Amino acid sequence: MLTFKRYGGTLQLDLHANMELVACYRNVPLATLAGARKVSPISSGSISAQLSSSFYDNTCPNALSTIRTSIRRAVSRERRMAASLIRLHFHDCFVQGCDASILLEDAPSIVSERNAGPNRGSVRGYEVIDAAKSEVERICPGVVSCADILAVAARDASAAVGGPSWTVKLGRKDSTTASLTIAESDLPSFTDGVDRLISRFASKGLNARDMVALSGSHTIGQAQCFTFRERIYNNGSDIDAGFASTRRRRCPTSGQNDNLAALDLVTPNSFDNNYFKNLIQKKGLLPSDQVLFSGGSTDNIVSEYSRNPSTFKSDFASAMVKMGDIPHTGQDGIIRRICSAIN
């Protein structure tokens, strides 16, 4: 028997009470189900509003453990992958919402976000998500979205390197479109000043504290030489001289643009609060890192996180949940069978 709830004056199908039925009939117009003529079609917005950590409890109860095992395996092979998976989820959510649009490859109807400046040659981990999706499809074909796998993978990657864990809300759909244009315009740049960063995050419903906490993911991972060259050669008083000298060894004034350097020189493979301690010592690698502690409005947040690692980790987890709630802004979604292509 179908169960309904009232949303904004209209009756809609209660996704939680009818989870198994929705999974079976997710591609069938709701009005055809049991003669439910009074039900409005559920929009992407109403689906987003009903994300739930228990979304797959009935339809794919082993989904989360399967994803976790796959992600742990990938991170154990390459510690850096943890940072890459967190960034992949972040770059997905900032373009059309958290809808796995970043995973789509070029196709006749798709101009891939992978080719956007902030993504090209630096965003990685696609194959890890593909592997997790393949394993989930084996046990629950056509049930778990790539967008949800991305969100869960980011959480599991954080936990795998000593970072916080959090409860991931589930039930996202995968987009049928990508937006190279939005990826070019909305993703933060390594050259952004603090006001620009605050503005970018605010446009996604995230405040300055969320922005600083999420920037703390730079406690792990690496950056390419071209992103910090200007800072280590021409930043004068806003960079520690010894730090700049160390970084110049693998980043010449020209060429070798892809050479990598750890974002946190002290503990590059552990999720801790050293990133913020580095900023206070003028040892932020990217210009967009150091601006968080450079006489501006976020200095006090950086100072707080540098003194209190538990506050940072708690705020990071909360900000990741908040980011995961950024709604899909495109057409109603699907469950992709392969994350890189539309069914």
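Analyst: The model is a predicted one.

User: Which residues line the second largest cavity?

Analyst: The lining consists of His-89, Ala-151, Ala-154, Trp-166, Thr-167, Val-168, Lys-169, Arg-172, Met-320, Val-321, Gly-324 and Asp-325. H6 and H15 are the elements that give two or more residues to this lining, and H15 gives the most, with 3 residues. The volume of the second largest cavity is about 70 Å³.

User: What makes a space a cavity, and what makes it a pocket?

Analyst: A space is called a cavity because a 1.4 Å probe fits there but cannot get out, whereas a pocket is an open set of points. The structure holds 2 cavities of 30 Å³ or more. The largest pocket has a volume of about 990 Å³. Among the 44 residues that line this pocket, the closest to its centre are Arg-87, His-91, Pro-118, His-218 and Leu-286.

User: Which element gives the most to the lining of the largest pocket?

Analyst: Helix H4 gives the most, with 7 residues. Elements that each supply at least two residues of the lining include helix H4 (81-93), strand S3 (222-224), helix H10 (225-234) and helix H15 (309-324). By class, the lining of the largest pocket has 21 nonpolar, 15 polar and 8 charged residues.

User: Why is Leu-150 called buried?

Analyst: Buried means under 20% relative accessible area. Leu-150 has a relative accessible area of 0%, and therefore it is buried. Leu-150 is placed in helix H6. Leaving aside neighbours within four places in sequence, Leu-150 is in contact with Leu-88, His-89, Asp-92, Ala-100, Ile-102, Leu-103 and Ile-129.

User: How do you know whether Gln-224 is buried or exposed?

Analyst: The relative accessibility of Gln-224 is 13%. The limit for buried is under 20%, so Gln-224 counts as buried. Gln-224 lies in strand S3. Not counting residues up to four places away in sequence, Gln-224 touches Gly-121, Ser-122, Asn-257, Asp-258, Asn-259 and Leu-260.

User: What makes Lys-282 partly exposed?

Analyst: The term partly exposed covers values between the buried range, under 20%, and the exposed range, over 50%. Lys-282 has 37% relative accessibility, so it counts as partly exposed. Lys-282 is in the loop between helix H12 (274-280) and H13.

User: How is the packing of H4 and H6 described?

Analyst: Two packed helices are described by the angle between their axes and the distance between the axes. For H4 and H6, the angle is about 145 degrees and the axes are 8 Å apart. Their crossing is left-handed. Residues making the contact include Leu-85, Leu-88 and His-89 of H4, and Leu-150, Ala-151 and Ala-154 of H6. By class, this contact has 8 nonpolar, 2 polar and 1 charged residues.

User: At what angle do H5 and H6 pack?

Analyst: Helix H5 (residues 126-139) and helix H6 (residues 146-160) pack at about 115 degrees, with their axes 10 Å apart. The crossing of H5 and H6 is right-handed. In this contact, Ile-129, Ala-132, Lys-133 and Val-136 of H5 meet Cys-146, Ile-149, Leu-150 and Ala-153 of H6.

User: What makes one of those residues charged and the others nonpolar?

Analyst: Lys belongs to the charged class, while Ala, Val, Leu, Ile and Cys count as nonpolar. The contact of H5 with H6 therefore has 7 nonpolar, no polar and 1 charged residues.

Definitions and conventions: Residues are numbered from 1 along each chain as its sequence is written. This is a predicted model: local features need pLDDT of at least 70, side-chain atom pairs count only at pLDDT 80 or more; totals for chains, interfaces and linings use all residues. Side-chain values use heavy atoms; hydrogens and water are left out. Axes are lines fitted to C-alpha atoms, for helices over the stretch in contact, and angles run from 0 to 180 degrees between N-to-C directions. Helices (H or I, at least four residues) and strands (E, at least two) are DSSP runs, numbered from the N terminus. A crossing is left-handed if the near helix is turned anticlockwise from the far one by less than a right angle, and right-handed if clockwise. Contact means heavy atoms within 4.5 Å. Buried means under 20% relative accessible area, exposed over 50%, partly exposed in between (1.4 Å probe, protein chains only). On a 1 Å grid over the protein atoms alone, a cavity is a set of points where a 1.4 Å probe fits but cannot get out, and a pocket is an open set with protein on both sides within 12 Å along at least five of seven lines; lining residues have an atom within 4 Å of a point. Grid points are joined across faces, edges and corners, and a volume is the space filled by probe spheres set on the points.
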